[in-house]
Amino acid sequence: MSMRSINPASEEDVDVINAWDGPAIEQALEKTALAAAAWADLSIDRRTELLGKLGDLLRRHRDECAELITREMGKCIAEARTEIEKCAWLCDYYADTAAQGLADEVVHTDARRSYVHYAPLGTVLGIMPWNFPFWQVIRFAAPAVTAGNTALLKHAGNVPGCARKLESLFRGAGYPEGVFLHLPVETEQVRAIIEDERVHAVTLTGSERAGSVVAAQAGRALKKTVLELGGSDAFIVLDDADLAEAVQWGVKARFQANGQSCIAAKRFILDERIADSFLERFKAAAAELRMGDPMDEATTLGPMARRDLRDELHAQVEDALAQGAEAVLGCERPSGRGWYYPASILDGIRPGMRAWSEELFGPVATVIRVANDQEALAVANDSPFGLGGSIWTRDLARGERLALKLASGGAYVNAMTKSDPRTPFGGIKRSGYGRELGVFGLREFVNIRTVWMA
């Protein structure tokens with residue numbers, strides 16, 4: 001079996017690789033199993049030292065890694081460089097904080113001595129997507145490996161160069177062979193890997209459908225999972241918001257990464273008293289995005305990663321238009337080479353349209369008008385997803401009251417939804433479960449062990 005990586009801007013082959021067969025997978029699993037015990041026994045100081053070196057290597061290879069990202073999945077080159085810099089920041093964060101986060105915690109009981117000890121689980125399989133092909137991997141692997149686990153990466157088939165480069169960086173930083181390995185395998189081969197006794201936990205970032213399948217497979221094998229799935233984040237603009245600021249961040253929150261981010265602002269819920277004014281400014285700002293070659297520094301909107309993703313997005317747009325939504329901007333599929341889709345805005349979204357309940361994974365903003373704060377909150381929470389959401393208001397107390405009622409894993413007042421190494425990240429409902437990042441992410445794949453000395 002072979003997997004093709006296609007440049008989404010030119011539709012030309014970037015790479016064609018052969019998926020591993022059974023013996024090659026067996027060899028990798030055995031190599032990881034052999035490395036696991038010695039790696040778990042290594043001191044936390046040595047593990048954080050290597051993580052710091054990984055961060056340094058990411059910075060030194062930033063431009064090379066960024067070009068790989070852009071060539072394989074179409075992200076604008078400036079954003080790709082920022083992705084690598086964020087990976088290095090995450091390495092720095094855990095290099096500085098992991099020892100404290102994993103330190104034994106004394107619990108005062110009637111024992112002579114009792115404490116909580118954090119021990120690695122073993123080997124974690126990471127099933128990762130293409131939209132942030134370095135960040136998503138480092139986000140799971142850096143804390144998992146620093147906690148003493150070994151890691152296996154099953155990356156998306158359209159970013160094989162990114163997968164190979166990641167393994168090379170781990171080895172270049174001094175990690176022992178087998179501590180981090182990427183597996184070029186087909187989706188159909190994953191189940192057997194999950195079921196293998198040498199794999200102890202699974203984390204997946206991807207679609208709702210993929211998460212459901214992987215969770216079922218891991219559940220049958222009684223293995224822990226963390227799922228970071230889709231999102232349809234609300235971007236709530238109240239009547240007292242600073243519209244200039246809300247528009248500036250709204251454009252970035254919706255259209256960065258060519259609109260292909262689980263935490264992108266997707267549903268713009270506007271108080272009807274400012275809706276026309278916001279929309280006029282938002283349209284003008286979005287229209288200034290320059291669609292084109294993602295390798296060009298001047299480009300601010302590149303292609304979508306795959307043809308089928310663009311086709312699905314346009315089908316959702318056509319469904320909304322057929323049911324009475326208004327195309328404020330864009331909403332037409334361009335001709336020519338490359339899987340481009342213009343910055344688009346749909347107004348008048350209502351229940352029954354696919355855009356009301358589905359995630360639009362591409363550069364299309366949907367607009368819903370509401371009468372007041374209570375209706376804004378009800379609309380925001382009327383979603384099968386619960387990843388993040390933001391609220392824009394000059395009244396911070398008002399914003400915080402609404403933020404605390406958002407049915408989501410993250411709530412942001414006057415800031416776009418984002419992931420930050422210092423704070424936990426994850427969702428509820430059909431956006432998944434478990435947490436990455438922060439001390440919570442560091443402890444997701446450990447045995448939280450009670451030690452009791454009578």
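Modeller: Please bear in mind that this is a predicted model. Its open sheet of three strands runs in the order β3-β4-β20, and the pairing is antiparallel.

Biologist: Which strands stand at the edges?

Modeller: Those are β3 (105-106) and β20 (446-453). Each has a single partner strand, so one side of each is left without a neighbour in the sheet.

Biologist: Over how many bridges do β3 and β4 pair?

Modeller: β3 and β4 (residues 113-120) pair over two bridges, in the antiparallel sense. V106 stands opposite Y115 in β4.

Biologist: Let us turn to N149. Is N149 buried or exposed?

Modeller: N149 counts as buried because its relative accessibility is 0%, and the cut-off for buried is under 20%. N149 lies in the loop between α5 (135-146) and β6 (150-154).

Biologist: What does N149 touch, leaving out residues up to four places away in sequence?

Modeller: N149 touches W39, P120, L121, G122, V124, A144 and F445. The C-alpha atoms of N149 and L121 are 6.3 Å apart, although 28 residues separate the two along the chain.

Biologist: Now the helices. At what angle do the axes of α2 and α6 cross?

Modeller: The axes of α2 (residues 44-60) and α6 (residues 160-172) cross at roughly 130° and come within 9 Å. That angle makes α2 oblique to α6. The crossing of α2 past α6 is right-handed.

Biologist: Which residues make the contact?

Modeller: L54, L57 and L58 of α2 meet L169, F170 and G172 of α6. By class, the contact has five nonpolar residues, one polar and no charged ones.

Definitions and conventions:
Residues numbered from 1 in each chain as written. Predicted model: local features only at pLDDT ≥ 70, side-chain atom pairs only at ≥ 80, totals over all residues. Heavy atoms only, no water. Axes fitted to C-alpha atoms, helices over the stretch in contact; angles between N-to-C directions. Helix = DSSP H or I, 4+ residues; strand = E, 2+ residues; numbered from the N terminus. Parallel < 35°, antiparallel > 145°, perpendicular 65-115°, else oblique. Left-handed = near helix turned anticlockwise from the far one by under 90°. Contact = heavy atoms within 4.5 Å. Nonpolar A, V, L, I, M, F, W, Y, C, P; charged D, E, K, R; others polar. Pairing = 2+ DSSP bridges. Buried < 20%, exposed > 50% of the residue type's maximum accessible area, 1.4 Å probe, protein only.
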